[in-house]
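Please keep the sequence and the 3D view at hand while reading.

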Amino acid sequence: MTIVSTADLLAILPELLVMAGGCLVLVLDPLTAKDRKDWLAYFSLAVLGAAFVVGYWFMGALTGSPRPAFSGLYVLDAYGAFWKLLLILVSGLVILLAKAHLKLEEIDLPEFYAFILLSLSGMMVMVSGTDLLVIYLGLELMSLSLYVMAGFKRYAPRSLEAAAKYFILGSFSSGILLYGISLLFGRTGSTTLAGIRDGIAGLPPGDPILLMAMGLLVVGFGFKVAAVPFHMWTPDVYEGSPTSVTAYMAVASKAASFAAFLRVFLEALGGIKESWRMLLVAVCIATMVLGNVVAIVQTNIKRMLAYSSIAHAGYALIGLVVADAAGTASVMLYLAIYAFMNLGAFAVVTMLRRGGLEGDEIDDFTGLARRNKWAALVMLLFMFSLAGIPPTAGFIAKFYIFMAAVGANMTGLAVIAVVFAAISAYFYLRVVMVMYMKEPGETAGTPGYDVRVVASPAAIAVLLVAALGVLILGVFPDPLIQAAQSAILPLK
Amino acid sequence: MATLSFFYFGSVIVLCALLVVIFRNPVYSVISLLVMFFHIAGLFVTLHAEFLAAVQLIVYAGAILVLYLFVVMILNLQQDDSYQRQVKWGLGLGLLALAEVIAIISKAALPDEPAQSKTAAAAAGEAATVVGNTEMVGKALYTTYLFPFEVASLILLVAMIGAIIMAKKGIMEPGPLRESK
């Protein structure tokens with residue numbers, strides 16, 4: 001029992017910056033003139049920049065020496081710092097993307113930036129918490145902000161439906177997660193990850209309540225990362241939400257949930273690894289199969305990307321199933337690369353307008369190469385990367401995941417993953433085919449099909465960063481691989 | 001005794017939670033929820049967490065649930081179900097509760113009664129544990145669990161602003177997109 005110290009506060013400096021920034025945006029909003037609301041976006045970006053610098057400095061200073069804070073409920077380590085940097089970067093890109101996109105959708109409320117920052121602070125708490133209560137609270141902070149952002153397009157029933165569905169199912173899954181946490185607490189007498197690990201060591205193997213708690217945690221985290229069979233919400237929510245929010249959910253919320261998933265299962269439940277491995281192998285295979293197969297029949301690009309994100313959760317789960325140093329590093333690498341390619345793909349979707357609406361049908365991409373060759377070219381790049389075709393970064397990500405599985409004598413799992421990665425090429429390349437091999441006029445005749453590309457400087461900047469990330473990490477991935485390998489969790 | 005009361009409170013909690021879902025009339029659901037909250041408070045008492053029990057009663061049963069009831073009743077104005085069928089039951093239970101209250105107050109007002117003087121020391125001890133309990137919760141909240149406590153306050157902030165964003169009228173300038181719907 002210690003009162004909070006300066007060291008504790010310093011340990012959460014990036015989080016404090018982001019939290020204060022979020023609250024400040026809310027305060028500054030009524031004080032800003034109507035035509036200067038863009039400044040709030042720049043202010044948020046400046047806050048993220050400051051947090052990034054501090055986080056980067058921490059990561060350099062901390063490799064190999066985790067520093068506990070707040071009486072052992074929180075930890076400042078390289079693992080958390082890696083995820084925080086990734087999440088801050090993604091949030092910055094989403095704010096840039098949203099600045100243009102919210103205007104197009106006529107929902108440019110500055111509160112949006114505050115929600116991004118507050119949601120980000122929840123994610124940062126999640127990835128550094130070493131106590132299940134802290135992780136749970138971080139998860140709720142992230143999710144509550146996302147529920148609201150999903151319903152930002154209040155005039156569109158689809159958006160409201162997405163918000164309501166996400167809220168109800170999300171609350172339900174949080175309840176299940178809490179039930180698992182309370183059972184773990186009941187069985188081991190602790191909510192800290194280290195305390196649970198010690199408690200499990202003293203229990204007989206195959207303790208039924210412990211296994212049940214583990215199963216409930218798999219359900220709770222499985223929902224957040226959109227793994228089958230807890231994926232039902234994903235397509236509807238991704239389709240209904242404003243596209244910049246969808247991008248944020250698909251990238252940042254998934255990365256943060258995976259980070260917490262890994263930490264909880266490796267640090268607290270490492271003692272019953274064999275039991276959760278079996279369960280997760282089944283979840284992992286089901287996720288890859290369903291995500292990739294159902295994506296084939298989608299006609300809406302946001303739904304297709306939703307199923308694609310389910311499938312990618314399946315690939316990333318392989319790294320968790322492997323559960324060794326190579327596995328952890330490959331998950332970190334995978335989600336970092338996935339962030340670039342997925343953000344890029346969603347950014348292209350935000351730029352397509354069909355009449356006054358968003359062009360989110362795959363048909364809207366027909367003949368895009370003739371209309372705007374640059375948009376078509378970057379979309380081609382992102383689709384190749386999502387499919388895992390070299391020399392894009394998507395190939396590197398898949399390669400390391402599959403190698404980790406092979407290295408852990410799970411060749412069967414790797415073979416299944418490769419087969420479904422090949423199947424996934426079909427629906428990604430269909431978008432490319434539609435863009436390049438069909439004439440723009442082929443779908444003409446349907447009323448309202450005047451698709452145009454609205455390119456704003458901010459959206460172009462996002463596309464540029466994402467495209468360069470995909471290309472550079474595809475050809476020269478060593479720095480990222482080394483960063484991931486130096487930041488892996490110490491296995492216990 | 002502790003086990004017995006645990007199973008009593010536990011089974012009533014499960015039963016009431018089921019009734020909340022099963023009842024088709026929302027007012028009955030809310031009342032079942034109220035009964036459930038009372039039993040959760042009882043569960044806290046068996047765990048010697050008197051402060052939490054009191055908070056449970058005051059905050060959940062007292063404030064939040066009454067609010068729920070108001071909302072449900074306001075929403076159901078057009079539906080004229082009669083809630084007056086159990087007047088006799090209500091009257092009987094009300095009288096019983098009133099008698100209990102009178103009994104408690106009358107005992108409290110007579111501290112010099114022999115049966116009461118013996119327990120005065122025990123009562124003081126009990127008061128100390130109640131204070132100790134509260135103190136312990138407060139200390140834990142503001143020292144060990146300070147960080148999650150503050151994160152929880154951020155969650156409430158997000159919930160509040162989120163509710164305003166989702167529900168407030170005229171928050172955005174009217175544009176062609178919104179007018180067409």
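The sections below treat the meeting of the chains, then the salt bridges, and then some individual places.

## Interface between the chains

The model described here is predicted. Chain B contributes 31 residues to the contact and chain A contributes 41 residues. The area buried between chain B and chain A is about 3,100 Å², and carbon and sulfur atoms give 81% of that area. Between these two chains there are zero salt bridges, while two residue pairs are in polar contact, both at pLDDT 80 or more.

On the side of chain B that touches chain A, helix H5 (114–142), helix H6 (146–167) and helix H7 (176–179) of chain B each supply at least two residues. H6(B) gives the most to this side, with 16 residues. By type, the residues of the side of chain B that touches chain A comprise 21 nonpolar, four polar and six charged.

## Salt bridges

Side chains of opposite charge can pair when their charged atoms come close. Over all chains, the structure holds 15 salt bridges. One of them joins Asp38(A) to Lys99(A), with the closest N and O atoms 3.6 Å apart. This pair links distant parts of the chain, 61 residues apart: Asp38(A) belongs to helix H3 (residues 38–62) of chain A and Lys99(A) to helix H4 (residues 78–104) of chain A. Asp38(A) is partly exposed, at 25% relative accessibility, whereas Lys99(A) is buried, at 13%.

A salt bridge also forms between Asp207(A) and Arg187(A), whose closest N and O atoms are 2.9 Å apart. Because Asp207(A) lies in the loop between helix H8 (193–201) and helix H9 (208–225) of chain A, and Arg187(A) in helix H7 (residues 157–188) of chain A, the pair ties together parts that are 20 residues apart in sequence. Asp207(A) is buried, with a relative accessible area of 6%; Arg187(A) is partly exposed, at 32% relative accessibility.

Arg303(A) forms a salt bridge with Asp236(A), and their closest N and O atoms are 3.1 Å apart. Arg303(A) is in helix H13 (residues 301–322) of chain A and Asp236(A) in helix H10 (residues 233–240) of chain A, so the pair ties together parts that are 67 residues apart in sequence. Asp236(A) counts as partly exposed, at 21% relative accessibility. Through shared partners, salt bridges join Arg158(A), Glu161(A), Lys165(A), Asp236(A), Glu239(A) and Arg303(A) into one network.

## Helix H6 of chain A

Helix H6 (residues 132–150) of chain A has 19 residues and reaches 26 Å from its first C-alpha to its last, close to the 27 Å expected at 1.5 Å a residue. H6(A) is mostly covered, with 18 of its 19 residues buried. At the N-terminal end, Asp131(A) caps H6(A): a side-chain oxygen lies 2.7 Å from the backbone nitrogen of Leu133(A).

## Two buried residues

Thr392(A) is found in the loop between helix H16 (373–387) and helix H17 (393–407) of chain A. Thr392(A) counts as buried because its relative accessible area is 3%, under the 20% cut-off. Beyond its neighbours within four places in sequence, Thr392(A) is in contact with Leu381(A), Phe384(A), Ser385(A), Val470(A) and Gly474(A).

In chain B, His39(B) has its place in helix H2 (residues 26–46) and is buried, with a relative accessible area of 11%. Not counting residues up to four places away in sequence, His39(B) touches Tyr8(B), Phe9(B), Val12(B) and Ile13(B). The C-alpha atoms of His39(B) and Phe6(B) are separated by 9.9 Å, and the two residues are 33 residues apart along the chain.

Methods:
Residues numbered from 1 in each chain as written. Chains lettered and ligands numbered in written order. Predicted model: local features only at pLDDT ≥ 70, side-chain atom pairs only at ≥ 80, totals over all residues. Heavy atoms only, no water. Helix = DSSP H or I, 4+ residues; strand = E, 2+ residues; numbered from the N terminus. Buried < 20%, exposed > 50% of the residue type's maximum accessible area, 1.4 Å probe, protein only. Contact = heavy atoms within 4.5 Å. Expected span 1.5 Å × (residues − 1). Polar contact = N/O pair within 3.5 Å; in protein donor to acceptor, adjacent residues only side chain to side chain. Buried area = accessible area lost by both parts, 1.4 Å probe. Salt bridge = Lys/Arg side-chain N within 4 Å of Asp/Glu carboxyl O. Nonpolar A, V, L, I, M, F, W, Y, C, P; charged D, E, K, R; others polar.
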